[in-house]
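Please open the model in a viewer and keep the selection panel at hand.

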Amino acid sequence: LFNPKRGENLKIRNHPKRGFYVESLTKNAVADYHMVEKLMEIGSKARTVASTNMNATSSRAHTIFMVILTQTRVDKEAGTATDKTSVINLIDLAGSERQSGTGATGARLKEGS
């Protein structure tokens, strides 16, 4: 999932059937791990990170990487198909270190709160 407009405030929603999702993001279908890795790399480059006293590459923005796995079983004799779906959320919350130990001030301190 990617934010098509950098800097836009995103809203997290909860749909009764689909569950949690982030408004204004896109889904990208992939066929193999190489494509997943490429999308994760693009997402990683878009992240904001900064050095603090506790962490050389501290996240300064929340990051959500959602993996939706769908397995389809086709019964050719019955002419039916059944989907089994799993959702994996990989989440990195910005500023998870104790603020007092980071040495962050000003804008960097505000980013992590």
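Which residues form a nonpolar patch on the surface? In this predicted model, select Ile-12, Phe-20, Ile-64, Ile-91 and Leu-93: these residues make up the patch, and their accessible area together is about 520 Å².

Ile-64 is located in strand S5. Its relative accessibility is 33%, so Ile-64 is classed as partly exposed, a class that covers values between 20% and 50%.

Next, select strand S5, residues 63-75, together with strand S6, residues 80-92. The two strands run antiparallel and are joined by 13 bridges. Within this pairing, Leu-69 is found opposite Ser-86 of S6. Proceed to the turn: the hairpin of S5 and S6 has four residues between the strands, and Gly-79 adopts a positive phi near 70 degrees there.

Finally, select Arg-13 and Glu-23 and display their side chains. These residues form a salt bridge, in which the closest N and O atoms are 2.9 Å apart. Arg-13 belongs to strand S1 (residues 12-15), whereas Glu-23 sits in the loop between strand S2 (19-22) and helix H1 (33-46), so the pair ties together parts that are 10 residues apart in sequence. How many salt bridges does the count give? The count comes to one.

Note on methods
Residues are numbered from 1 along each chain as its sequence is written. This is a predicted model: local features need pLDDT of at least 70, side-chain atom pairs count only at pLDDT 80 or more; totals for chains, interfaces and linings use all residues. Side-chain values use heavy atoms; hydrogens and water are left out. Two strands pair if DSSP finds at least two bridges between them. Patches are made of residues with over 30% relative accessible area and no salt bridge: like charges are joined within 9 Å, nonpolar side chains (Val, Leu, Ile, Met, Phe, Trp, Tyr) within 5 Å. Accessible areas come from the Shrake-Rupley method with a 1.4 Å probe; for residues, only the protein chains shown count as cover. A salt bridge is a side-chain nitrogen of Lys or Arg within 4 Å of a carboxyl oxygen of Asp or Glu. Buried means under 20% relative accessible area, exposed over 50%, partly exposed in between (1.4 Å probe, protein chains only).
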